Amino acid sequence: MNSFDYVRPATVREAVAAATAPGAAYLAAGTNLLDLMKGGVARPSRLVDIGRIPDLDRIETLPDGALRIGALVRNADLVRDCAFARRFPSVAEALLSGASAQLRNAATVGGNLLQRTRCPYFYDVASACNKRSPGSGCDAIGGENRLHAVLGWSEACIATHPSDFCVPLVALDAVVEVEGEAGRREIPLEAFHRLPEGRPERESVLDPGEMIVAVRLPGEAARFAAHSRYLKVRERTSYAFAVVSATASLRMEGGRIAEARVALGGVAMKPWRAREAEPILADARAEAGLFRLAAEAALSQARPSGDNGFKIELARRVVERALALAAAGTPARMPALPASPLASISGDVFHG
Amino acid sequence: MSLSMTLTVNGVKRAIELDDPRTTLLDLLREGLQLTGTKKGCDRGQCGACTVILQGRRINSCLALAISHDGADVVTIEGVAQGDRLHPVQEAFLAHDGLQCGFCTSGQIMSAIGLIQEGETGDDPERVREGMSGNLCRCGAYRGITEAVLQAQEVLGAADRKEVA
């Protein structure tokens, strides 16, 4: 690990001032950043520890019904917030399917959005990686790439964004509140992460020094609560990143779907909102044939970036199953294995 | 650069001079305070051997920067027994052979203590396994670990009920 200056600002304003300098990085829990620093992948010259800034760890319901989640709220605290889990159960399920209990006790909401890819070539400083070292090339292309992107990738980078949390958030139109030298602004989560194109080192639309202060879920998103699921295929039962994941949120009226939201994880360098699938599902009867059509639309632009063609059909099937699970209803209790593809579709339902 | 901090470790407040801001909580415990019961396995947050209770919650001490936790309260494996009396989770690990080589065991026990405090698994072994999935055991003692956690939870629950009564 390189050496660094350590500063602990008391306010967001001080933090932004300290982090605008070149080479500075924000430190929240550090569960991803310290790992990257140990491997020499990240080498910040200054760490701006935002952990003591007051009020960033609050969860509050706003007058318009939106849930505002402070950037420093720990994953585990968010999941244990009853108002949150009841209104946005797919987000809770996604959070609980990610990492381990120890990591969820530390890792923060802002850090989750800004976590780096788990591409092994990004982590290996002896490999060429345009994200870590712009212009050096991409050893993932033509390398071990069965887990890499099938949507939105470029010849410069085929990495994926590893977040589970972001997948239902993007489906439910979450908004990111950020503060920088120019003041505060809001960015829809769907527009927050950048696809690699020719500049894979630029992963979000944040300006230098800008920090996330909160993530907001609109009140309207709670209307999907009775039919919202997250489903995640992993290479082991627990404590693994997604090979492919999907969320489905339905607003049901009788046996018909009035409105649908679908998003995918593990397929691109951003949480992937499957907007092509949503109109197919709207005002239609919830049945297997429809789910297949929606899944095909969701992956219509997909193409392999290497030995990962299997992920395209896998993703279609994960979308289909997520839709079937959502149509069956949100479980009354969080499943023992959240987001597990091993669970059956039947079971106790929430209030669907 | 010297950084002054305090840490309450197993109930004792310690004043600490860090000579390097890069020091993790794990390295501070092991090398600074000679509390070597907390193990360094992967040092990357993947194995759980370094689990301690920080501010009442289980975390990976290898991914915590020590200076960032100035003033915090930490409980390590050295702090869970009362004199010669083992903690009920320690007793249960012995009773159920929840270990072979023992390297992951202090992390397993600290994680189990955290899990039981969280109180979300009930007596469902599947929920216990899921809740303990951040602790790897290369000897594969998982069955004994799950049984030990379930039994310890029962013992601790009974003790709580007795206190209330």
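This is a predicted model: local features need pLDDT of at least 70, side-chain atom pairs count only at pLDDT 80 or more; totals for chains, interfaces and linings use all residues.
In general, strands of a sheet pair through backbone hydrogen bonds, and the pairing is either parallel or antiparallel.

Chain B is divided into domain 1 (3-79) and domain 2 (88-164), and the centres of these two domains of chain B, taken over C-alpha atoms, are separated by 22 Å. The two parts touch one another, with 14 residues of domain 1 of chain B in contact with 12 residues of domain 2 of chain B. On the side of domain 1 of chain B that touches domain 2 of chain B, S3 and S4 of chain B each supply at least two residues, and S3(B) gives the most, with 3 residues. The residues on this side of domain 1 of chain B divide into 6 nonpolar, 5 polar and 3 charged. Helix H2 (residues 88-95) of chain B has as its buried residues B:Pro88, B:Val89, B:Gln90, B:Ala92 and B:Phe93, and H2(B) is followed by B:Asp97, whose phi is positive, near 50°.

Chain B also meets chain A, in a contact that takes 25 residues from chain B and 22 residues from chain A. On the side of chain B that touches chain A, strand S4 (57-60), helix H3 (105-118) and helix H4 (125-131) of chain B each supply at least two residues. The residues of this side of chain B divide into 7 nonpolar, 9 polar and 9 charged.

For chain A, the domain assignment gives domain 1 (5-52) and domain 2 (225-328), and the C-alpha centres of these two domains of chain A lie 36 Å apart. Strand S8 (residues 211-217) of chain A is mostly covered, with 7 of its 7 residues buried. Strand S5 (residues 67-70) of chain A pairs with S8(A) in the antiparallel sense over 4 bridges, and the bridge partner of A:Leu67 in S8(A) is A:Leu217. Strand S6 (residues 175-180) of chain A is likewise joined to S8(A), by 5 bridges, and these strands run antiparallel; here A:Val175 has A:Arg216 of S8(A) as its bridge partner.

The largest nonpolar core has 156 residues, and those with the most contacts inside it are A:Ala246, A:Val262, A:Leu264, A:Ala294, A:Ala298 and A:Val319. Helix H12 (residues 310-328) of chain A gives the most to this core, with 8 residues. When its neighbours within four places in sequence are left aside, A:Ala294 is in contact with A:Val262, A:Ala277, A:Ile280, A:Leu281, A:Val319 and A:Leu323.

Terms used: Residues are numbered from 1 along each chain as its sequence is written. Chains are lettered from A and ligands numbered from 1 in the order in which they are written. Two residues are in contact if their C-beta atoms, placed from the backbone, lie within 7 Å. Ala, Val, Leu, Ile, Met, Phe, Trp, Tyr, Cys and Pro count as nonpolar, Asp, Glu, Lys and Arg as charged, and the others, Gly among them, as polar. Domain bounds come from an automatic or database domain assignment. A nonpolar core is a set of buried Ala, Val, Leu, Ile, Met, Phe, Trp, Tyr and Cys residues joined through C-beta atoms within 7 Å. A residue is buried if 20 or more other C-beta atoms lie within 10 Å of its own, exposed if 12 or fewer, and partly exposed in between; C-beta atoms are placed from the backbone. Two strands pair if DSSP finds at least two bridges between them.
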